[in-house]
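The sequence and structure are shown first.

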Amino acid sequence: PVWLGDMPRRLFDGNSFPVAFSGLKANILSHMVQHGTIVTLGNPAKPVYVEAYYNNHPGGCLAYKVSADDTRFLFSGDHEITDDIGVRQTTAAMLHDVDLAVVDASYSRQDYHEGWGHSTWEDWAEAAEKAGVATLMLSHHMQDRTDVELDALQRLLLERKQKTNPDSPLQIVVAREGMRFSLPGLLDIEYKPSNWLQEFVDALS
């Protein structure tokens with residue numbers, strides 16, 4: 001919608017946020033986009049392409065696929081995968097041939113809330129496998145998920161792959177604070193439980 005065009009200036013007004021939009025020291029370019037829009041950024045000799053996809057979410061939302069140097073990164077934003085054929089087709093298109101997809105995996109199928117605009121990790125895993133994704137990063141965790149529960153999910157994903165599909169090139173990672181990654185290629189993830197420091201201290205006593 002057109003009203004979004006002035007949203008950054010209204011948010012960065014010096015009152016809601018301490019820095020006014022006019023005080024940002026950057027060359028800021030604005031693009032109004034919709035589903036299917038591709039924005040070209042950067043050096044013409046090494047362009048960066050950003051493609052927008054319309055998501056399945058109450059009130060609307062966009063996913064963005066960034067392509068550069070033969071590498072593709074997807075940020076899904078809020079998106080609910082359902083049995084609707086249009087939703088399935090959009091999900092497949094946004095995931096197609098992506099090196100790293102950071103996705104909205106708020107739920108599991110056990111605690112899924114239909115119509116709330118968020119997906120289960122199982123649906124993302126199935127869609128990513130079909131689309132040829134290299135690494136699927138599960139994010140947008142439900143706010144009452146504990147670190148222990150997320151650790152358990154990561155262990156489950158590792159065990160599931162070893163038992164059911166060890167030859168699959170798909171890597172599934174549970175996002176956590178402070179993660180860093182480089183593309184292309186698989187993420188070098190060292191699994192370490194969130195309570196490792198407490199366990200280390202306990203072992204010293």
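A residue is called buried under 20% relative accessible area, exposed over 50% and partly exposed in between, with a 1.4 Å probe and protein chains only. The model is predicted: local features need pLDDT of at least 70 and side-chain atom pairs pLDDT 80 or more, while totals for chains, interfaces and linings use all residues. Residues are numbered from 1 along each chain as its sequence is written, and side-chain values use heavy atoms, leaving out hydrogens and water.

**Gly77**
- Gly77 is buried, its relative accessible area being 9%.
- The loop between strand S4 (71–75) and helix H2 (85–95) contains Gly77 (DSSP runs, numbered from the N terminus: helices H or I of at least four residues, strands E of at least two).
- Beyond its neighbours within four places in sequence, Gly77 contacts Asn55, Cys61, Leu62 and Asp104 (heavy atoms within 4.5 Å).

**Largest pocket**
- The largest pocket holds about 580 Å³ of space (on a 1 Å grid over the protein atoms alone, an open set of points with protein on both sides within 12 Å along at least five of seven lines; volume is the space filled by probe spheres set on the points, which are joined across faces, edges and corners).
- Its lining comprises 21 residues, with Leu4, Met32, Val33, Leu62 and Tyr64 nearest the centre (lining residues have an atom within 4 Å of a point).
- Helix H1 (7–11) and strand S3 (62–68) each contribute at least two lining residues.

**Largest cavity**
- The largest cavity has a volume of about 50 Å³ (a set of points where a 1.4 Å probe fits but cannot get out).
- Residues lining this cavity include Trp121, His141 and Arg145.
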